[in-house]
Amino acid sequence: MGTGDLLILIVGLGVAGFAKGTTGMGLPLLATPILAGVFGPKAAVVIVTIPIFAANSILLLQGWRRLDVLRTIAPIIVASAIGTVIGVNLLALLDQRTFAILISLMVAVFLLRGDRLIGDDPGARRARILGPVVGFVSGILQGTTSIASPLIGSFFHARKMDRHDYVIVLAAIFELNAVIQLVGYALLGLYTAYIVAIGLLGLVPTLLALMAGIFFRARLDQARFRQLIVVLLILSVANLLWRSFGA
């Protein structure tokens with residue numbers, strides 16, 4: 001790996017780590033396309049799983065006082081994990097373009113009418129049914145592209161969660177999914193010595209930027225945080241469509 005490639009790795013994971021610390025999402029969204037230009041799309045997806053696991057671990061440790069919120073979304077977490085297993089194992093059978101269109105439409109619905117669709121009571125029947133469905137589909141998205149934030153992020157954005165609870169919820173879901181990816185990719189023999197070395201090297205800029213993002217989030221008010229989430233969700237959808245229909 002040359003100096004130019006190293007700089008791309010540092011900058012790409014640095015920017016992605018900052019977004020992750022600030023919003024709880026955005027690491028694979030920003031890092032994967034950048035790294036794909038250097039290491040190739042398949043290798044980039046595998047490399048990014050290592051920083052993803054480390055970043056989510058730190059977010060969970062940093063916000064451990066808020067872990068009680070996870071009790072209210074246990075069915076969503078389980079459904080997402082099941083979806084990730086299916087996504088990892090059935091990647092070759094999925095129609096990526098159709099999948100991308102469906103996900104994009106679902107995100108648009110949540111951003112435009114999510115508050116009406118879910119309602120004000122997260123314990124209501126429609127919210128209890130819709131949550132696991134969203135978790136399952138986002139898990140499949142995680143297993144196929146490593147980018148589950150468009151769907152699951154827009155769902156919890158529609159629930160108008162506190163910004164710190166929002167980050168913890170996403171970190172918990174993405175952490176479990178990352179573990180499944182790590183095990184699945186390892187069983188598939190995708191973690192070569194070179195891939196692992198790049199992933200471990202990428203931990204340095206990722207985690208340093210992650211801490212900066214956590215510091216920045218503490219100084220954001222709720223309104224600014226929600227605006228930033230909308231921007232990242234739109235970028236997520238654009239990236240998903242580009243990867244599916246681009247050159």
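Visitor: How many helices and strands does the protein chain have?
Guide: In this predicted model, the pattern read along the sequence is α-α-α-α-α-α-α-α-α-α-α. The count for the protein chain is therefore, by DSSP runs, 11 helices and 0 strands.

Visitor: Is L210 buried or exposed?
Guide: L210 has its place in helix α10, residues 203-217. Not counting residues up to four places away in sequence, L210 touches G17, F18, K20, G21, A55, I58 and L59. Buried means under 20% relative accessible area. Because its relative accessibility is 0%, L210 counts as buried.

Visitor: What percentage of the residues of the protein chain count as buried?
Guide: The protein chain exposes about 11,200 Å², of which carbon and sulfur atoms supply 70%. The chain has 247 residues, and the part that counts as buried is 52%.

Visitor: Which side chains meet in a salt bridge?
Guide: The criterion is a side-chain nitrogen of Lys or Arg within 4 Å of a carboxyl oxygen of Asp or Glu. By this rule the count is 1 salt bridge. Its N to O distance is 3.8 Å, and the side chains are those of D68 and R71.

Visitor: Is R71 buried or exposed?
Guide: A residue is exposed when its relative accessible area is over 50%. R71 has a relative accessible area of 68%, so R71 is exposed.

Visitor: What is the volume of the second largest cavity?
Guide: Rolling a probe the size of a water molecule over the atoms shows where empty space is left. The count comes to 2 cavities of 30 Å³ or more. For the second largest cavity, the volume is about 30 Å³.

Visitor: Which helix supplies the largest share of the lining of the second largest cavity?
Guide: The lining consists of F156, H157, M161, Y166, Q222, F225, R226 and I229. These residues divide into 5 nonpolar, 2 polar and 1 charged. At least two residues of the lining come from each of α7 (149-158) and α11 (222-245). The largest share, 4 residues, comes from α11.

Terms used: Residues are numbered from 1 along each chain as its sequence is written. This is a predicted model: local features need pLDDT of at least 70, side-chain atom pairs count only at pLDDT 80 or more; totals for chains, interfaces and linings use all residues. Side-chain values use heavy atoms; hydrogens and water are left out. On a 1 Å grid over the protein atoms alone, a cavity is a set of points where a 1.4 Å probe fits but cannot get out, and a pocket is an open set with protein on both sides within 12 Å along at least five of seven lines; lining residues have an atom within 4 Å of a point. Grid points are joined across faces, edges and corners, and a volume is the space filled by probe spheres set on the points. Ala, Val, Leu, Ile, Met, Phe, Trp, Tyr, Cys and Pro count as nonpolar, Asp, Glu, Lys and Arg as charged, and the others, Gly among them, as polar. Buried means under 20% relative accessible area, exposed over 50%, partly exposed in between (1.4 Å probe, protein chains only). Accessible areas come from the Shrake-Rupley method with a 1.4 Å probe; for residues, only the protein chains shown count as cover. Contact means heavy atoms within 4.5 Å.
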